[in-house]
Amino acid sequence: MFRALSHHPNRYSLSIQYYKRLLVHGFIPDKFTFPFLVPACSMSKDLYLGKQFHDHVIKFGLDSDVFVINNMLTMYSGFGELGCARKMFDESFGFIDVVSWTSLITGCWNSGEVELASSYFHRMPLKNVVSWNAMINGYVRMGRVEEARKLFDEMPERDVASWSGMISGYAQCGMCVEALMVFKDMVEVAMVVPNEPALVSAVSSCAQLRALEEGVWLHNYIVENKFFIDVVLGTVLVDMYGKCGSIERAVRVFNSMIERNVLSWNSMIAGLGMNGYGRQGLSLFWKMQQVGAAPNELTFVALFSGCSHTGLVDEGLRLFDLMTQNYCIRPQAEHYGSIVDLLGRAGLIKEALKFVESMPIEPHPELWGALVNACSIHGDVELGKKLGKRLLELDPQHSGKYALLSNIFATAQRWDDVETVRNLLKDRKVSKLPGNSVVE
């Protein structure tokens, strides 16, 4: 009957074995039995077993116990079995509580049923902070951050998870100024002590904005309030300082970290590279290998970028061979683009073109764009014109590509060709990309 026993030899299957013995010896399970068994179904990803337990809940007359009901609702919601969850909810309506409503709402979000989640939420006779948070987190996961904010503002009371969810939602949607404003309201107005997700999202927002002053303030807040800087928080601080150009602070945080993972090493290597310390990034990479930390795809993206910014062409090409041959990492579009950028910045445009033609994947428009830009920088007008035309064929509705080709002609004072590109832009009715503002 319990076929999961042989497939999941862990502590959850052990619970199932004890349950089986209980039945064999004639004992009757009670309302405390199933809440320990139902998680076994979720952990072993065995919906069939969960439905068997549901049958037993009904058989032993426990389908009116709210504790059991809530565990079953949570299980069905976790499996995305919204139909089963709704059926059980309706059949148990006289016994449910606020946890039952919240479990079903979470199940709706897990199944992508936004309007249904909203409908259940508004039908709730009594709402607690957890149910509000479930709705806010659901809207955030769907990228509907404005609706999340509307609910956040309507909340009669908030806990740290409410604040953290809103801050994370803004950060994930790229609304970093708003994320920092909510964080400051949290700690300075509401006087709520943030949790780690809130701190990580706030620091990450500073990194995206390149807002060093705000980042330093946050770091000082973390230190002064004696928050433990674990591997996650430490890594995001390193990333923030690197992107903000404060490489000395990034190094200090990195060196002070008790634990590091591959993301920590990647962030430090990337920070060194983007600030012109490509050789130091290479040295850190060798140290990374010495301590047994295995690099991943992003490690090499960071290394290639550092080599490109510092003109370390030979080193970058050797790293490409190391990545493919020693670590057996299959190059992705970003790796190929980084090598093209490395060669192009160094003026080795023909070598870059040869590298592109030897690639086993179809070159993407950004890669051709890097080549055209290299032609512009190094004055190779004819090759730039040839590659630029190919780029426009691949991406005819991107105004930036026309600007690249126009810049090549303008640098060479070929004004007739500049006018030709501009007319082509108008004839194809290409919309200009909006400008970006820099926020400190």
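Student: Which helices each supply at least two residues of the lining of the largest pocket?

Tutor: This is a predicted model, in which local features need pLDDT of at least 70 and side-chain atom pairs count only at pLDDT 80 or more, while totals for chains, interfaces and linings use all residues. Residues are numbered from 1 along each chain as its sequence is written, and side-chain values use heavy atoms, with hydrogens and water left out. A pocket is an open set of points, on a 1 Å grid over the protein atoms alone, where a 1.4 Å probe fits and protein lies on both sides within 12 Å along at least five of seven lines; its lining residues have an atom within 4 Å of a point. Among helices (DSSP runs of H or I, at least four residues, numbered from the N terminus), those that each give at least two lining residues are H14 (231–243), H16 (262–274) and H18 (297–310).

Student: How many residues line the largest cavity from the helix that gives the most?

Tutor: A cavity is a set of grid points where the probe fits but cannot get out, and the largest one holds about 40 Å³ of space. The elements that give two or more residues to its lining are H16, H17 (278–290) and H18. Residues of this lining include Ile269, Gly281 and Cys307. The most come from H18, and their number is four.

Student: What covers the buried residues of H20?

Tutor: Helix H20 (residues 333–345) has 13 residues, and its buried ones (under 20% relative accessible area, with a 1.4 Å probe and protein chains only) include His335, Tyr336 and Leu343. With contact meaning heavy atoms within 4.5 Å, the cover of these buried residues includes H18, H19 (313–326), H21 (349–357) and H22 (365–378).

Student: How many helices does the chain have?

Tutor: Of the 440 residues of the chain, 47% count as buried. Contacts between residues 24 or more positions apart make up 58% of those with a separation of 6 or more. With zero strands (DSSP runs of E, at least two residues), the number of helices in the chain is 25.

Terms used. The expected span of a helix is 1.5 Å times one less than its number of residues. Buried means under 20% relative accessible area, exposed over 50%, partly exposed in between (1.4 Å probe, protein chains only). Grid points are joined across faces, edges and corners, and a volume is the space filled by probe spheres set on the points.
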